[in-house]
Structures are given as structure tokens and as C-alpha cells.
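Good morning, colleagues. Please look at the structure now on the screen while I take you through its architecture.

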Amino acid sequence: MEDYKRNSHTVWDCEYRHISWPSSDHTLIPCDVYIDRQVFEQEQELIFRGPTWHLSALFAEIANPGDFTSTYIGTTPVVLHHAHDDSINAYVNRCAHRGSRVIGELRGNNKFPICPYHNWRYDGTGKLLGVAMEQGMQSKGGYPDGFSKDCHGLKTLRVEAVGDVIFATFDSQAPPLHDYLGTVIVDRIETICQRPLQIVGYQRQTVPCNWKLFVENNRDTYHGPQLHTFVGQFGIAMPADRVSVDIHDAHALLSSWLPPSGDKDDKNAYPVQKGKYELEDPSIAQGFKALGDLQLSVISIYPGSLFTCIRNSWSCRRIIPTSPGTTDIEYTWFGYEDESDFERECRKKQSNLLGPAGYIALEDAEVLAMTQNAISRGDTSYIEFGGTGIESASDHFNSEATVRAFWKGYCETMQIPLP
Ligand code: FES
Ligand SMILES: [Fe+2]
């Protein structure tokens, strides 16, 4: 890769001549990038292990020394670990010996994990502490003189946080997290983290589409009223008083507010309206105001993280590519540590709208599978709703500017030459 750069060719010039980028304003996307195996591999190198930050855990998940949680960044298994010395660390879950996964559990507490294969023993910072049979047996075998455990730790990542939200990056050259996210997104995360968070639960889902289709869908304000028609037909939709779209680099923040009301703690903030049809159990839509009149806050962080607060259904989602045509979504549902039983119950019920088996998410998953299945080599995708620009701070949802912003960031990180 370095050689390509030195010769002033981009990786794209050298390896993907069969894919040419059709427009410099990101209104046309070559659909080969959703299906090509080589592109998928290059994304791992340049995007997921490149100068990007990934939402990896909430502090509430690893609040005590020894707590860990396992996830992926791209296809790389990663552990977030609260070490015995109270530091928060991220490391690749791959033993420095012959590569077994060191930690097999999704989450738990273990101050000194031991690799199951030959029992190398680490601490929560990734440092190698112990090696089985280091001196061999009865003065035979073992490691040669000069072997140093200090040279065989786990591969570590940089870790930074905003509020209670922990991010990790592989790249020592990545900008500081606050600069990467921008002030508006940092402020929103800090606002939501104003009280200590608590985990409500976990869910995961495999979606049969390329990871970029899933990212596009979650920042796409165009499809909501068209695809999710039942929301209006069953009277679940609440008219917004105002909306905003903020774009910072390739990230997007979508917001919508209810009409202002005097009652800041309204326990019945989302009454079901009279629609064409009626819900048999309207309590699925019941909710309370947790953020004043803000009813929707969707932060899509480039490349593949979501921090989503829609009504009382709050989640971090990690978008994990597993192949060109399959993507895993890891949901971490959260609320406030000090909230009431009623409030906690509302959050759980509303996940039936927005969780992986929820009425909204299943429509998204279905339409994304239909999109993936219809792609043939040479196809293009057309993204010109709202014009050709990437304007920020807009006051309407009638644009695909957020999707164009994703592709602008994608071309930059993938070093794609534009026409
Ligand atoms: S692969 Fe982990 S100790 Fe051998
Ligand atoms: Fe949707």
C-alpha cells in the first residue's frame, strides 16, 4: 500500500480498475462496492483498521475492575477491558502466541485472562504476564535466552471517551476523538450522558446485506414515511415541531422535537393518535419525556457506529461486516441508572418497535435484503434527493445529504480517485 502511495497511485487505481467512480459529488455510487470481495478486504485495512473511531462499549458495561466486553471492529475481534489498575483498555482478542482467541465469552469479569490453547496469561491492559513451561521441563526445551514477555503482549488500540461512551481506534494517527466527532455530536452525547447510564439489555441481528447499505438506511430520512407506513396508519407517529440535520465530516446527527409543552416530565408524552387502524395494545408506544421535547436523536458515526435515542428506545449499535453480503448488528440498550420501574418498562416495550424484531427494523432489514439481492455488477445507485450538496444544519428531512456525506468520507478513507 505504501508503495502505491509513493508512486502517486492510489490503491483504487491499482486494484479496482474495474470499478470507476461515476460522480465527484457522490450522487452516483457504483454498486460493485456492495458485493466485491476485494473491496471488502480493503475496507478492513483502510477504514476499520484505519484512522477511524468506533463506538465500542458504554462505561456501565465495564464499570468494575476486571469487567470486559467482547465485540468486533470490522472483522477483527476486540475486547474492551477495565483492568486491575483501573485503566480502560482495548485489545485485539488474538493471542500473541499462535493466535487463539483469548477471551471466549461475550462479557464477564476476569482480571487476568488465560488463553485456552497453551495457557499464556495476560492482564486487562493486554500485557503478557505468564507463559506456561517458559523454562521447559527438567531443563529441557522451553523458550530461548532473550525471550521477553514484554515483547509479546496483545495488540492494543487507542481508547478515548465522550461522556460514558467509549471509543477505540487502531490508528495512532487518528485525530483526537472530540475533533473526529465534532462539537455538535459531542454535545449531544454529553447531554444524553448527563445522568449515569445503565444497561437495559442486549440484542444482535444478522442482516443479509452489505454493511454500507445498513449505514445508509440509518441516516436516510427519505424512506421513513414511505416504507414505515404503519407508523402513521396506527397513529403512532407524533408530529414534529421542528427537525434538524447536522453533518460533521462523514457523521450525521438527526434530531426532531415535539411541540413545546410545559410539562417537562410528561409521563404520557407519546399518546397514540387516531389512525386508520388501532393497536390492540397501545402500551407499546407509551413513553415519557427523558430529554425535554427532543423525541428523536440519531447519531450515525462514520464508519459503522450508531448512538440512537428514539423516544425512550435508546441504543448503541455496532455495525459489523461479516462478508460483502452479510452484516451483524450488535445492540446495547440503555437507560438511566436512577429511573423508575415505569420508565424502564416503557423502554423495554418500545424496543418492540425499534429492536431487531421490531415493526420498524424488520421492514428495514427486509428492504435491505431486497436491495442487496437485486445488485448486479456495473449497477449504480442514485442519490440526488435534496440536490447534490452536503449541507449541514438543515431544518428539514427532505434530502439525502447525510448519505452523500457518508460516501464522501468513504472515498477519502478508501483513497478513491474521483472523476
Ligand atoms: S495460542 Fe494462546 S497460548 Fe498458544
Ligand atoms: Fe427505516
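Predicted model: local features only at pLDDT ≥ 70, side-chain atom pairs only at ≥ 80, totals over all residues.

The domain assignment divides the protein into domain 1, residues 54-160, and domain 2, residues 187-412. Their C-alpha centres are 35 Å apart. Where the two domains touch, domain 1 contributes nine residues and domain 2 contributes 13 residues. On the domain 1 side, β2 (54-58) and β3 (67-73) each provide at least two of the touching residues. The largest share of that side is from β2, with three residues.

Seven strands form an open sheet with antiparallel pairing, and their order is β11-β17-β16-β15-β14-β13-β12. At its edges are β11 (197-207) and β12 (242-248), each of which pairs on one side only. On average, and ignoring direction, neighbouring strands of this sheet are turned by 15 degrees against each other.

Strand β14, residues 294-301, and strand β15, residues 305-310, are joined in the antiparallel sense over six bridges. Within β15, Ile-310 is the residue that Leu-296 stands opposite.

Which helices lie across these strands? Helix α6, residues 211-218, lies across β11, β14, β15, β16 (313-323) and β17 (326-336). Relative to β16, helix α6 runs at about 155 degrees. Helix α11, residues 401-413, lies across β12 and β13 (251-257), and its direction is at about 10 degrees to β12.

Helix α6 also has a helical partner. It packs with helix α10, residues 359-373, at an angle of about 135 degrees, the two axes being 10 Å apart. Because of that angle, α6 is oblique to α10. The crossing in which α6 passes α10 is right-handed. From α6, the contact is made by Leu-213, Phe-214 and Asn-217, while α10 supplies Asp-364, Leu-368, Thr-371 and Gln-372. Sorted by class, this contact of α6 with α10 has three nonpolar residues, three polar residues and one charged residue.

Thank you for your attention.

Key:
Residues numbered from 1 in each chain as written. Chains lettered and ligands numbered in written order. Pairing = 2+ DSSP bridges. Helix = DSSP H or I, 4+ residues; strand = E, 2+ residues; numbered from the N terminus. Axes fitted to C-alpha atoms, helices over the stretch in contact; angles between N-to-C directions. Contact = placed C-beta atoms within 7 Å. Parallel < 35°, antiparallel > 145°, perpendicular 65-115°, else oblique. Left-handed = near helix turned anticlockwise from the far one by under 90°. Nonpolar A, V, L, I, M, F, W, Y, C, P; charged D, E, K, R; others polar. Domains from an automatic or database assignment.
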